[in-house]
Amino acid sequence: MEFPFGVSREFRCLKRSDLMKAMADNLPTGTVRTNCRVHSIEIDPVTHYPQLRLSNGSILQAKVVIGCDGVNSSIANMFGLHRTKLLLFSTCVARGFTNYPNGHQYASEFAVICKAQVQLGRIPISDKLVYWFVTRLRTPQEEAVDMIRNCKLSYLHLTELKYRPPWDLVFNNLRNGTVTIAGDAMHATGPFIAQGGSASIEDAIVIARCLAQKVHNAKKVETGINNGVAKEVFDEYVKERRKRLFWLSLHSFLVGKKLDTKSSIVRFIINAIMSVLFKDPDWHTHYHCQNL
Ligand SMILES: Cc1cc2nc3c(=O)[nH]c(=O)nc-3n(C[C@H](O)[C@H](O)[C@H](O)COP(=O)(O)OP(=O)(O)OC[C@H]3O[C@@H](n4cnc5c(N)ncnc54)[C@H](O)[C@@H]3O)c2cc1C
């Protein structure tokens, strides 16, 4: 079964390294520090500001922290979210970019081919470069197909899939003092509806907008952060994002569980739930997080 997406709607595929470079190039020099992973975070009992312990042994005093440290976030630990490990799907993903020096023959669309518990997805980035992924249950044997075999080793990733269950987003307070989280640190959903990165960009837009509006209204750029405006901003951000992220996370969780399960009864139940809750499988593309 093959489903093309994005024929009439807009789809964009980009390389992570290009995105990171574009963002870093727009920051003032010296803003980005490398080789200093956040080891832990705690609230200073005297100043009530967050304190980050870095892997190089230094301590960073911060006024405000937005933890965007991904699926294994150490910042997320302070919110009582799943502490040790996120839950694991039994599905894993191989993905990569394959270069066709003489051009490929694929249409400019995102195609997903499903057979039993295996899913192959591909989307061209340019006339010569194709991004692809294969999700399947973890097995000791590896099967190879041409596209995978021709993928350069440096472009190849094998990823164990973890997720934060949707109910974590409902039952946890996602602000602690002047600390909050965004992106996969908050809502690791697995790649099943391919929305994690897009939702992370929405987080960034919403948090920036909430901050800009508050600071603009209060005209308290410096003192505002000190006296609780940051907390109000983060509360607003969490409130605005919670519902959207819950539904995204639930949809992705159900699609993932459907791929994951060997039981036809579980698959039947999931299909029934999805046919009620997610009649339009592309519902998430109609969402507009509004402008900055
Ligand atoms: C196989 C697969 C396919 C996907 N496909 C899609 C798709 O098609 N569309 C889509 O929108 N999304 C997709 N996603 C999801 C998307 O990749 C993530 O949702 C997105 O990368 C989350 O961004 P993030 O910035 O929150 O986290 P990340 O991209 O994980 O970035 C976290 C950053 O924090 C750094 N970091 C980690 N720990 C620490 C620490 N302790 N201290 C300091 N820094 C730290 C990391 O080095 C990294 O730079 C896919 C995910 C997977 C696994």
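## Overall composition

The protein contains eight helices and 12 strands. The model is a predicted one. Of its 292 residues, 40% count as buried. The accessible surface comes to about 17,500 Å², and carbon and sulfur atoms account for 57% of that area.

Contacts were also sorted by separation along the chain. Taking contacts between residues at least 6 apart in sequence, 69% join residues at least 24 apart.

Leu 161 belongs to strand β10, which runs over residues 157–163. Its relative accessible area is 6%. Because buried means under 20% relative accessible area, Leu 161 counts as buried at 6%.

With neighbours within four places in sequence left aside, the contacts of Leu 161 include Leu 87, Leu 88 and Phe 89. Thr 91, Cys 92 and Val 93 are also among the residues that Leu 161 contacts, and Pro 191 and Phe 192 are in contact with Leu 161 as well. A further reference point is Ala 188, 27 residues from Leu 161 along the chain; the C-alpha atoms of Leu 161 and Ala 188 are separated by 9.3 Å.

## Largest cavity

The count of cavities of 30 Å³ or more is two. The largest cavity has a volume of about 40 Å³. Its lining is made up of Ser 40, Ile 41, Glu 42, Gln 51, Leu 52, Arg 53 and Ile 59.

Two strands, β2 (38–43) and β3 (50–54), each supply at least two residues of this lining. By residue class, the lining of the largest cavity divides into three nonpolar, two polar and two charged residues. Glu and Arg count as charged, so Glu 42 and Arg 53 of the lining fall in that class.

## Second largest cavity

The second largest cavity has a volume of about 30 Å³. The residues lining the second largest cavity are His 187, Thr 189, Gln 195, Gly 196, Ala 199, Leu 245 and Leu 248. Helices α5 (196–218) and α7 (229–260) are the elements that give two or more residues to this lining.

The lining of the second largest cavity comprises three nonpolar and four polar residues, with no charged ones.

Terms used: Residues are numbered from 1 along each chain as its sequence is written. This is a predicted model: local features need pLDDT of at least 70, side-chain atom pairs count only at pLDDT 80 or more; totals for chains, interfaces and linings use all residues. Side-chain values use heavy atoms; hydrogens and water are left out. Helices (H or I, at least four residues) and strands (E, at least two) are DSSP runs, numbered from the N terminus. Buried means under 20% relative accessible area, exposed over 50%, partly exposed in between (1.4 Å probe, protein chains only). Contact means heavy atoms within 4.5 Å. On a 1 Å grid over the protein atoms alone, a cavity is a set of points where a 1.4 Å probe fits but cannot get out, and a pocket is an open set with protein on both sides within 12 Å along at least five of seven lines; lining residues have an atom within 4 Å of a point. Grid points are joined across faces, edges and corners, and a volume is the space filled by probe spheres set on the points. Accessible areas come from the Shrake-Rupley method with a 1.4 Å probe; for residues, only the protein chains shown count as cover.
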